[in-house]
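Open the model in your viewer and get ready to select residues by number. We will go from stop to stop, and each stop says what to pick and what is there.

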Amino acid sequence: MEQRAGMGSWLEGGPSGEGQGSRLGLPATGAGSLAPVGRRLAALAIDWAVCLLISAAFFDRDPMATLGVFALENVLLVSTLGTTLGHRALGLRVQRLVSPGTPPGLLLALVRTVLLCLVVPAVVWDADGRGLHDRTAGTVIVRR
């Protein structure tokens with residue numbers, strides 16, 4: 001049996017204490033490190049607010065239209081630029097895990113967006129704090 005002190009604390013990011021993102025080959029801090037949950041949620045709130053405004057202007061605040069605008073924004077912007085409006089405002093970007101620095105592309109952005117719109121996959125996180133939607137698409141949200 002291993003001693004508790006040797007295992008580390010879940011607050012330290014696991015037994016090695018290296019922190020979230022270290023298993024993914026990401027730096028612990030700074031540019032390219034895993035984006036903190038608070039920033040990701042704030043970016044989501046900004047994106048949703050913008051989509052609500054667009055939906056109110058063109059679709060009389062239809063909830064499904066808002067979701068459609070949100071999905072369209074995510075697919076188009078993440079596939080081409082690797083960032084949504086909210087991500088950009090908060091200094092975040094979505095990148096492929098296998099080729100850091102590159103946007104996900106249309107297919108991966110589509111998979112990621114569909115799972116994000118289903119909500120549940122986005123709130124199920126792995127040990128590194130990545131949502132199931134990012135894990136399935138092979139993407140990660142990092143700091144710019």
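## Stop one: Asp126 and its partners

Select Asp126. Asp126 is buried, with a relative accessible area of 18%. The model is a predicted one. Arg135 forms a salt bridge with Asp126, and the closest N and O atoms are 3.0 Å apart. Is Arg135 buried or partly exposed? At 49% relative accessibility, Arg135 counts as partly exposed.

Arg130 is buried, like Asp126. Salt bridges that share partners join Asp126, Arg130 and Arg135 into one network.

## Stop two: a bridge across the chain

How many salt bridges are there in the count? The count comes to four. For another of these, select Asp128 and Arg23. They form a salt bridge, with the closest N and O atoms 3.2 Å apart. This pair links distant parts of the chain, 105 residues apart. Asp128 is in the loop between helix H6 (120-123) and helix H7 (132-137). Arg23 is in the loop between helix H1 (4-7) and H2. Colour the two by accessibility. Asp128 counts as buried at 5%, whereas Arg23 is partly exposed at 47%.

## Stop three: helix H2

Select residues 37-59, which are helix H2. H2 has 23 residues. From its first C-alpha to its last, H2 reaches 31 Å, close to the 33 Å expected at 1.5 Å a residue. Its buried residues are Arg40, Ala43, Asp47, Cys51 and Ser55. What covers them includes H3, H4, E1 and strand E2 (139-143).

Zoom in on Arg40 and show Trp125. The charged end of Arg40 sits over the ring of Trp125, 5.8 Å from its centre. Then step past the end of the helix. Asp60 follows H2, and its phi is positive, near 55°.

## Stop four: helix H3

Move on to residues 63-80, helix H3. H3 has 18 residues and reaches 26 Å from first C-alpha to last, close to the 26 Å expected at 1.5 Å a residue. Its buried residues include Ala65, Val69, Glu73 and Val78. After H3 comes Gly82, with a positive phi near 80°.

## Stop five: two rings

The count of aromatic pairs comes to one. Select Trp48 and Phe70 to see this pair. The arrangement is edge-to-face, with 5.4 Å from centre to centre and 65° between the planes. Trp48 lies in helix H2 and Phe70 in helix H3, so the pair ties together parts that are 22 residues apart in sequence. Trp48 is partly exposed at 32% relative accessible area, while Phe70 is buried at 4%.

## Stop six: Thr84

Last, select Thr84. Where is Thr84? Thr84 lies in the loop between H3 and H4. At 2% relative accessibility, Thr84 counts as buried. A polar contact of 3.2 Å joins the side chains of Thr84 and His87. Now look beyond the neighbours within four places in sequence. There, Thr84 is in contact with Asp47, Glu73, Asn74, Leu77 and Val78. Glu73, Asn74 and Val78 are buried residues of H3.

Terms used: Residues numbered from 1 in each chain as written. Predicted model: local features only at pLDDT ≥ 70, side-chain atom pairs only at ≥ 80, totals over all residues. Heavy atoms only, no water. Helix = DSSP H or I, 4+ residues; strand = E, 2+ residues; numbered from the N terminus. Expected span 1.5 Å × (residues − 1). Buried < 20%, exposed > 50% of the residue type's maximum accessible area, 1.4 Å probe, protein only. Contact = heavy atoms within 4.5 Å. Phe/Tyr/Trp six-rings, centres within 6.5 Å; stacked < 30°, edge-to-face > 60°. Lys NZ or Arg CZ within 6 Å of the ring centre and 35° of its normal. Polar contact = N/O pair within 3.5 Å; in protein donor to acceptor, adjacent residues only side chain to side chain. Salt bridge = Lys/Arg side-chain N within 4 Å of Asp/Glu carboxyl O.
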